[in-house]
Structures are given as structure tokens and as C-alpha cells.
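Please find my notes on this structure below, as numbered points.

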Amino acid sequence: GVQIARAQVNEQRYSLRRALFGLGPTGFPFERYLAELFVAEGYEVKVGGYLHGKCVRHEIDIAAYRADHAFVAEAKFHSRPDIKSDLQTVMYAHARELDLVGKYICADDTCGINDFFVVTNTKFTTHARRYAACVSLKLLSWDFPVRNTLYDRIRQHRLYPITVLQELTKSQKQQLISKHILLCRDVLEAPRVLTRLKL
């Protein structure tokens with residue numbers, strides 16, 4: 001009984017991880033998917049756009065704010081599980097964070113940037129995690145931080161990507177993604193989209 005239950009959990013975890021890879025090949029659907037996650041956590045979210053730092057203008061993947069917290073996030077989408085986000089990635093993100101110190105996401109007093117996140121659908125290297133901890137850069141990945149991983153947060157908010165549905169072909173999934181249908185619940189809330197796409 002226990003072994004069967006553990007096997008089912010592992011299969012669900014694997015299926016969800018594979019579904020995130022299905023959001024590719026570009027990183028933009030992953031950015032929009034992360035935006036949905038942060039909205040579920042109570043944030044107002046902007047995807048894309050620019051922020052002017054002290055020295056240069058920065059293209060921003062995600063900016064999020066609520067009454068008690070505001071942050072900027074850089075999304076690192078990888079198409080294969082063996083590709084990890086490395087030390088260079090987090091050092092680059094930290095340099096951007098330093099240039100954005102004291103900047104605001106919106107006009108409200110609550111929009112001053114508190115944190116800079118790097119979020120990936122795979123994992124971070126050990127060196128990347130060590131550096132991020134040293135400079136207080138926030139990381140979020142499939143398996144980190146412990147007990148608050150990307151996987152944990154997806155399950156907590158039940159934000160299952162449309163790509164988890166095995167009944168759909170890859171082409172059909174891409175059709176839905178191109179119409180900004182990213183979540184299984186999007187189809188439940190607007191089932192007519194399937195008819196329009198002849199599914």
C-alpha cells in the first residue's frame with residue numbers, strides 16, 4: 001500500500017515536471033505561467049516591460065507587488081531536465097538587483113523592490129545556490145527551497161499547466177498556449193475555447 005502510494009506520487013511529480021517542459025520551446029509561456037502562480041499568492045503581476053536602474057535600463061520578466069512585499073523575478077526556462085541554472089546566471093541576476101536598489105515597480109509606496117528572484121523549471125547548481133545564499137538573492141526551482149519548491153507551490157495552488165493533459169497532442173497544446181490558455185482551469189472556466197479550436 002505505502003509503496004503503491006509513493007509510486008503514484010512520484011508519477012504525478014514526474015508528469016507535472018514533464019508538463020512544465022511542454023510549455024516551451026520559448027520561455028515566454030513559462031513567464032506567464034509563473035505570473036499565474038504569483039497572482040494565486042496574492043500579488044499584482046506585470047509580465048515583461050522595463051525598469052530603469054541606477055545605471056541602465058533592464059528588461060524585466062516578472063514584476064510583482066502586494067501590500068507587504070514587492071519583487072522582480074527573472075525566469076530561466078530550460079527545455080531539458082539535465083540543464084541547470086548556473087553560477088553565471090545568479091551572478092548576472094545579482095548585478096541587476098544591485099542596479100535596481102531603491103527602484104519601484106509601480107507608483108504606490110508599497111511597490112519598492114524588496115527582493116530579486118531567479119526562477120527555473122529545472123535546478124540550480126551547488127555553486128549558484130551557495131552564491132545566492134551569500135548575497136541574499138532568492139532562488140526558486142523545481143527542488144528548492146526545501147518545503148517551498150516550485151513543485152510544492154504549484155500543487156498548493158492547483159495550478160496545473162494545460163500541457164499535463166495527455167489526451168491532447170503536442171500541436172493541440174501549442175494551439176491552446178498560443179491563445180493564452182495555460183492552465184487546466186482555464187478550459188474549465190471557458191470550455192468554448194475548445195470548440196473554437198476544433199478540439
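Buried means under 20% relative accessible area, exposed means over 50%, and partly exposed lies in between, with a 1.4 Å probe and protein chains only. Helices (H or I, at least four residues) and strands (E, at least two) are DSSP runs, numbered from the N terminus.

This is a predicted model, in which local features need pLDDT of at least 70 and side-chain atom pairs count only at pLDDT 80 or more, while totals for chains, interfaces and linings use all residues. Residues are numbered from 1 along each chain as its sequence is written, and side-chain values use heavy atoms, with hydrogens and water left out.

1. Helix 6. The helix spans residues 170–178, and its buried residues are Lys173, Leu176 and Ile177. Viewed down the axis of helix 6, these buried residues fall within an arc of 100°, so they line one face of the helix. The arc is taken from the directions that run from the helix axis to the C-beta atoms. On the face turned away from the buried side of helix 6 are the exposed residues Ser171 and Ser178. The cover over the buried residues of helix 6 includes helix 2 and helix 8 (192–196).

2. Helix 2 against helix 5. Helix 2 (residues 28–40) packs on helix 5 (residues 150–157) at an angle of about 60°, and the axes are 10 Å apart. Axes are lines fitted to C-alpha atoms, for helices over the stretch in contact, and angles run from 0 to 180 degrees between N-to-C directions. Helix 2 and helix 5 are therefore oblique to each other. For these labels, angles under 35 degrees count as roughly parallel, over 145 as roughly antiparallel, 65 to 115 as roughly perpendicular and the rest as oblique. The crossing of helix 2 over helix 5 is left-handed; a crossing has that hand if the near helix is turned anticlockwise from the far one by less than a right angle, and is right-handed if clockwise.

3. Residues in that contact. Helix 2 contributes Phe30, Tyr33, Leu34, Leu37, Phe38 and Ala40, and helix 5 contributes Leu150, Arg153, Ile154 and His157. Contact means heavy atoms within 4.5 Å. By class, the contact of helix 2 with helix 5 has eight nonpolar residues, one polar and one charged. Ala, Val, Leu, Ile, Met, Phe, Trp, Tyr, Cys and Pro count as nonpolar, Asp, Glu, Lys and Arg as charged, and the others, Gly among them, as polar.

4. Burial in helix 5. Leu150, Tyr151, Arg153 and Ile154 are the buried residues named for helix 5. They cover an arc of only 165° around the axis, which puts them on the same side of helix 5.

5. Helix 3 against helix 4. Helix 3 (residues 87–99) and helix 4 (residues 126–135) have axes 8 Å apart and pack at an angle of about 25°. That makes helix 3 roughly parallel to helix 4. Their crossing is right-handed. Leu87, Val90, Met91 and His94 of helix 3 meet His127, Ala128, Tyr131 and Val135 of helix 4. By class, six residues of this contact are nonpolar, two are polar and none is charged.

6. Cis peptide bonds. The bond from glycine 24 to proline 25 is cis, with omega near 10°; proline 25 sits in the loop between helix 1 (2–21) and helix 2. Phenylalanine 144 and proline 145 are also joined by a cis peptide bond, with omega about 0°. Proline 145 is in the loop between strand 7 (138–140) and helix 5.

7. Arginine 158 is not a glycine, yet its phi is positive, about 55°. Histidine 180, another residue other than glycine, has a positive phi near 65°. Histidine 180 lies in the loop between helix 6 and helix 7 (184–189) and is exposed at 53% relative accessible area.

8. Phenylalanine 21. This residue belongs to helix 1 and is buried, with a relative accessible area of 16%. Phenylalanine 21 and histidine 78 are 57 residues apart in sequence and 7.2 Å apart in space, C-alpha to C-alpha. Leaving aside neighbours within four places in sequence, phenylalanine 21 is in contact with Phe77, His78, Ser79, Arg80, Pro81, Asn121 and Thr122.
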